[in-house]
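Let's take a walk through this one together, from the overall layout down to individual side chains. Have the sequence and the model open side by side as you read.

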Amino acid sequence: YVGIDVQAGVRAIMYSQTKNIIEEFHQKCLLQTKQVLEQERWNWIEVPVQYKHILARMLGQQMEQPEALKDGEGNGASAEDGQNQAAVERYLHVEGQHFLVVPAVLTLLQLLGDYVQLCRDFGELAAEVVQRMC
């Protein structure tokens, strides 16, 4: 049947192209990681709330995001003191532990979150993504 051959061909092309996209994404992440680590000064910084949300998503926890973060507007800081203090934290909290972080850690956390999202987006090729993460 010609239809089956066409369908198999299209699947093979999509698989190949998707693998190429994943590999290109991975190479960009490696380059960014290398650059960030080479430039790191190893001075701790406060943790913006967006990274708390990234970590929660990776750990399977749901957190309510402020409207400004949902819309991608602003940096999470507000003119009101209470909201401004909540926009950053001194530590990154992971399963009850508190960690001081440097900028490279936040970049790596963002990249790991991007890898997790890529796994969700390309579910059939999640093994390809995970292979590159390790």
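Along the sequence, the order of elements is α-β-α-α-α-β-β-β-α-α. That makes six helices and four strands in the chain, where helices (H or I, at least four residues) and strands (E, at least two) are DSSP runs, numbered from the N terminus. Keep in mind that this is a predicted model, so local features are reported only at pLDDT of at least 70 and side-chain atom pairs only at pLDDT 80 or more, while totals for chains, interfaces and linings use all residues. Numbering starts from 1 along each chain as its sequence is written, and side-chain values use heavy atoms, with hydrogens and water left out.

How confident is the predictor? pLDDT is its confidence in each residue, from 0 to 100, and the chain averages 81, with 78% of the residues scoring at least 70.

Now for the chain as a whole. Residues 24 or more positions apart account for 72% of the contacts with a separation of 6 or more. Of the 134 residues, 24% count as buried, with buried meaning under 20% relative accessible area, exposed over 50%, and partly exposed in between (1.4 Å probe, protein chains only). The accessible surface comes to about 9700 Å², and carbon and sulfur atoms hold 54% of it; these areas come from the Shrake-Rupley method with a 1.4 Å probe, and for residues only the protein chains shown count as cover.

Val6, Val10 and Met14 form a nonpolar surface patch with about 280 Å² of accessible area together. To join a patch, a residue needs over 30% relative accessible area and no salt bridge; like charges are joined within 9 Å, and nonpolar side chains (Val, Leu, Ile, Met, Phe, Trp, Tyr) within 5 Å.

Speaking of salt bridges, how many turn up in a search of the whole structure? The search finds two, taking a salt bridge as a side-chain nitrogen of Lys or Arg within 4 Å of a carboxyl oxygen of Asp or Glu. One joins Glu24 and Lys28, at 3.5 Å from N to O. Both residues lie in helix α1, four residues apart, or about one turn of the helix. An α-helix has 3.6 residues a turn, so residues three or four places apart point the same way. Glu24 is partly exposed at 48% relative accessible area, while Lys28 counts as exposed at 53%.

The other bridge pairs Glu89 with Lys52, whose closest N and O atoms are 3.0 Å apart. This pair links distant parts of the chain, since Glu89 is in strand β2 (residues 88–89) and Lys52 in helix α2 (residues 49–58), 37 residues apart. Glu89 is partly exposed at 21% relative accessibility, and Lys52 is partly exposed too, at 33%. Elsewhere in α2, the buried residues include Val49, Tyr51, His53, Ile54, Leu55 and Ala56. After α2 comes Gly60, with a positive phi near 80 degrees.

The whole structure holds one aromatic pair: Phe25 and Tyr115, edge-to-face, 5.0 Å centre to centre with 80 degrees between the planes. Rings of Phe, Tyr and Trp (its six-membered ring) pair if their centres lie within 6.5 Å; planes under 30 degrees apart count as stacked, over 60 as edge-to-face and the rest as tilted. Phe25 lies in helix α1 and Tyr115 in helix α5 (residues 103–121), so the pair ties together parts that are 90 residues apart in sequence. Phe25 is partly exposed at 22%, whereas Tyr115 is buried at 9%.

His26, also in helix α1, is buried at 8% relative accessibility. Leaving aside residues up to four places away in sequence, His26 touches Tyr115 and Arg132. Finally, look at Phe122 in the loop between α5 and α6 (126–133). Phe122 is partly exposed at 23% and touches Thr18, Ile21 and Ile22, again not counting residues up to four places away. Phe122 and Lys19 are 103 residues apart in sequence, yet 9.7 Å apart in space, C-alpha to C-alpha.

Key
Contact means heavy atoms within 4.5 Å. pLDDT is the predictor's confidence in each residue, from 0 to 100.
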